[in-house]
Amino acid sequence: MRLCLFTDTLNDINGVSRFIRNVGHQAALAGLEMHLVTSTRFEPPASFSKSEPYIHNPRPRYARAMPGYPQLEIVVPPRRALLSLAKRLRPDVIHVSTPGPVGMVGRAAAKALGVPMLGTYHTDFPAYIDHLFGDATFTLMTSGAMRRFYRPFARLFTRSADYGEALVRMGFPREHIIRLRPGIDTDAFSTRFAAGEEGARRAFWNAYPGAAPRGDNVRTIVRAIFVGRVSVEKNLPLVTRIWPRVREIALARGFDARLLVVGDGPYRATMEHALASHGGVFLGFKHGEELSRLYANSDLFLFPSTTDTLGQVVMEAQCTGLPVVVTDQGGPSEVVDDGATGLVLPVGGHASEQRWVREVADLIADPARRRAMGASAAKKIEPMSIRASFEHFWAEHERVVLGLNPAEARA
């Protein structure tokens, strides 16, 4: 089988691009013919290969930074060149990974070539629009656009059962929705990246002054980390509101709580200003082994998003031995065992915010509980390899090409 995957995100620093890069690499390792097709000006991060024979990236006809999101770009891809490329590659099936301009070309290519088309619902765009604008009309229009975009797909992967149900409510046939087995690169994110002895750990953090001990501080430093786009749709205003109180409680108990924010985005300046005197440390984008070490040498992971279809970073954090704190909305809660590998907390209203303050502060002040949760988290995620996820991904495409019904996906 020959598969072409069309995506609007490949060189960006996000979980979707990492997943797509990973499945492309897995296909190459297995000797399977899979082509990744995009159109972007962005150079890949240092942790990504700049050139692989299965990656095709014709230069856009037009591109500019997205207003308010300079880390993202608006692109007009070379439609004719991409369609000609698809014709030369002669795929048996096309996968459209994103509902953007490149994804639209992928849809057109599938129709022109008469081959089946599958897709992945990686991003909950209606929820993003709702967070950004708070306008029910815009949200409804976005939901309608998603329905129209995905209507011709033979199968639609979702990263979590929760979003499978959301897609059914949006009007997609349940029998065409497949929960993709979750998986990450368990070699790239591992407990082996922890510094180990206290001296080595101290030396590691000395490279990040805001996260290192200061002066005669005798309190135990506990580092909570967030990794992702620093934007309101990740529900980071929640963290901005609760963190000063969390830190105050922790200090009273003898713990110096620091909040490490890895990533960038339009909310960063606001958040950085608000937490400047409350232990906030903003590190910008990190990737590759440095990101793995930042995870593994932190103490807990905070991820307040309610719009993520999976939350790949939540799996990465657990794989490195971190307890995680997530919301009860969206996909991340499905890869966390509440009370065992982390905490799943409700969101919405004053009472829930007070619970976040209390639960996070308690976890910061309980090293033994953090260690036990972190060990359980690493054990839970270790079997969830990107290889197993890719094999499921590939097998479902083969079933469509052969005209078979979708296989039952197991968690």
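A: Arg219 is found in the loop between helix H7 (198-206) and strand S10 (220-227), where helices (H or I, at least four residues) and strands (E, at least two) are DSSP runs numbered from the N terminus. The model is predicted, so local features need pLDDT of at least 70 and side-chain atom pairs count only at pLDDT 80 or more, while totals for chains, interfaces and linings use all residues. Residues are numbered from 1 along each chain as its sequence is written, and side-chain values use heavy atoms, with hydrogens and water left out.

With a relative accessible area of 39%, Arg219 is partly exposed; buried means under 20%, exposed over 50%, and partly exposed in between (1.4 Å probe, protein chains only). Not counting residues up to four places away in sequence, Arg219 touches Leu251, Gly254, Phe255 and Asp256, a contact being heavy atoms within 4.5 Å. Between Arg219 and Glu43 there are 176 residues in sequence and 42 Å in space, C-alpha to C-alpha.

Strand S10 leads on to another loop. Asn235 sits between S10 and helix H8 (236-252), and its 13% relative accessibility makes it buried. Its phi is near 65°, a positive value in a residue other than glycine. Most residues other than glycine have a negative phi. Arg90 also has a positive phi, of about 50°, although it is not a glycine.

S6 belongs to an open sheet of seven strands, in the order S3-S2-S1-S6-S7-S8-S9 and with parallel pairing; two strands pair if DSSP finds at least two bridges between them. The edges are strand S3 (55-56) and strand S9 (177-179), each with a single partner strand, so one side of each has no neighbour in the sheet. Within the sheet, strand S7 (residues 117-121) and strand S8 (residues 155-158) pair in the parallel sense over four bridges, and Leu118 stands opposite Arg155 in S8. Helix H1 (residues 15-29) lies across strand S1 (2-6), strand S2 (33-37) and S3, and runs at about 150° to S2; axes are lines fitted to C-alpha atoms, for helices over the stretch in contact, and angles run from 0 to 180 degrees between N-to-C directions.

Arg159 is buried yet has no salt bridge, and the nearest side chain of opposite charge, Asp308, is 8.9 Å away. Here a salt bridge is a side-chain nitrogen of Lys or Arg within 4 Å of a carboxyl oxygen of Asp or Glu; Lys and Arg count as positive, Asp and Glu as negative, and His and the chain ends are not counted. Leaving out residues up to four places away in sequence, the residues that Arg159 touches include Phe19, Thr120, His122, Arg179 and Gln312.

Ser333 is in the loop between strand S14 (324-327) and strand S15 (342-345) and is buried, with a relative accessible area of 19%. Its contacts, leaving aside neighbours within four places in sequence, are Val326, Thr327, Asp328 and Val344. Ser333 and Arg18 are 315 residues apart along the chain, with 20 Å between their C-alpha atoms.

Cys4 is buried at 0% relative accessibility, and Cys319 is buried at 6%. The whole structure contains zero disulfides, a disulfide being a pair of cysteine sulfur atoms within 2.5 Å.
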